[in-house]
Amino acid sequence: MKRTSYGVLIGLLAIGAAVGALTNMTLAGLGRPLLTPALSLPITLLLIAGVTVFLAARIYRAIRATPRRRVDSFYAMRILVLAKAEAVTGALLSGVGLGLIGFLLSRAVSPALNSWIPLVIATVGALILCAGGLIAEYLCTLPEDTDDDLPGAAPASS
């Protein structure tokens, strides 16, 4: 499985920013209240990132141990897929948060502080979610195999 590309993450960040800004623009045009994330969102994002990095660190320690311990490949793949999904979701949510913040910055009248704080905290939480996914993805990669005695390995040239 290939690592998550930074280009994909930047593209999702841009798409999320456009969606966030257009959503708030539409809501403001209709006279509706603007989007403000709940305080539980960044807390949840931080917990998800922490648990995923913890689970990936267990896999990392097992495959890097001196006598290599056996790791269930299905378990490791599930943690890796969770880490990839976490990185993608974190990039998209970060973009939405940046789009919402950009919309607030574009207003002629500066909104109240209680509009800024939840947006900034949620955006930082989403960035941490993306970083946690990338860290967990790194921790789940296998080390390079240097054993030439494996079946099917090409003979070493002298």
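How many nonpolar, polar and charged residues does the lining of the largest pocket have? In this predicted model, the lining of the largest pocket divides by class into nine nonpolar, two polar and six charged residues. The space in the largest pocket amounts to about 360 Å³. A total of 17 residues line the largest pocket, and those closest to its centre are Ile63, Ala76, Cys140, Thr141 and Leu142. Two elements, α2 (40-64) and α3 (73-105), each give two or more residues to this lining, and the largest share, four residues, is that of α3.

Two packed helices are described by the angle between their axes and the distance between the axes. In the case of α3 and helix α4 (residues 113-139), the axes come within 7 Å and cross at roughly 155 degrees; since angles over 145 degrees count as roughly antiparallel, α3 and α4 are therefore roughly antiparallel to each other. The crossing of these two helices, α3 and α4, is left-handed, and their contact comprises, by class, 19 nonpolar, eight polar and three charged residues.

The packing of α3 with helix α1 (residues 6-29) is described by an angle of about 40 degrees, with the two axes 6 Å apart. The helices α1 and α3 are therefore oblique to each other, and the crossing in which α1 passes α3 is right-handed.

Side chains of opposite charge can pair when their charged atoms come close. The structure holds one salt bridge, which is formed by Glu137 with Lys84, the closest N and O atoms of the pair being 3.8 Å apart. This pair links distant parts of the chain, given that Glu137 lies in helix α4 and Lys84 in helix α3, 53 residues apart. The helices α3 and α4, whose axes come within 7 Å, are thus also linked through the pair of Lys84 in α3 and Glu137 in α4.

Key. Residues are numbered from 1 along each chain as its sequence is written. This is a predicted model: local features need pLDDT of at least 70, side-chain atom pairs count only at pLDDT 80 or more; totals for chains, interfaces and linings use all residues. Side-chain values use heavy atoms; hydrogens and water are left out. On a 1 Å grid over the protein atoms alone, a cavity is a set of points where a 1.4 Å probe fits but cannot get out, and a pocket is an open set with protein on both sides within 12 Å along at least five of seven lines; lining residues have an atom within 4 Å of a point. Grid points are joined across faces, edges and corners, and a volume is the space filled by probe spheres set on the points. Ala, Val, Leu, Ile, Met, Phe, Trp, Tyr, Cys and Pro count as nonpolar, Asp, Glu, Lys and Arg as charged, and the others, Gly among them, as polar. Axes are lines fitted to C-alpha atoms, for helices over the stretch in contact, and angles run from 0 to 180 degrees between N-to-C directions. Angles under 35 degrees count as roughly parallel, over 145 as roughly antiparallel, 65 to 115 as roughly perpendicular and the rest as oblique. A crossing is left-handed if the near helix is turned anticlockwise from the far one by less than a right angle, and right-handed if clockwise. A salt bridge is a side-chain nitrogen of Lys or Arg within 4 Å of a carboxyl oxygen of Asp or Glu.
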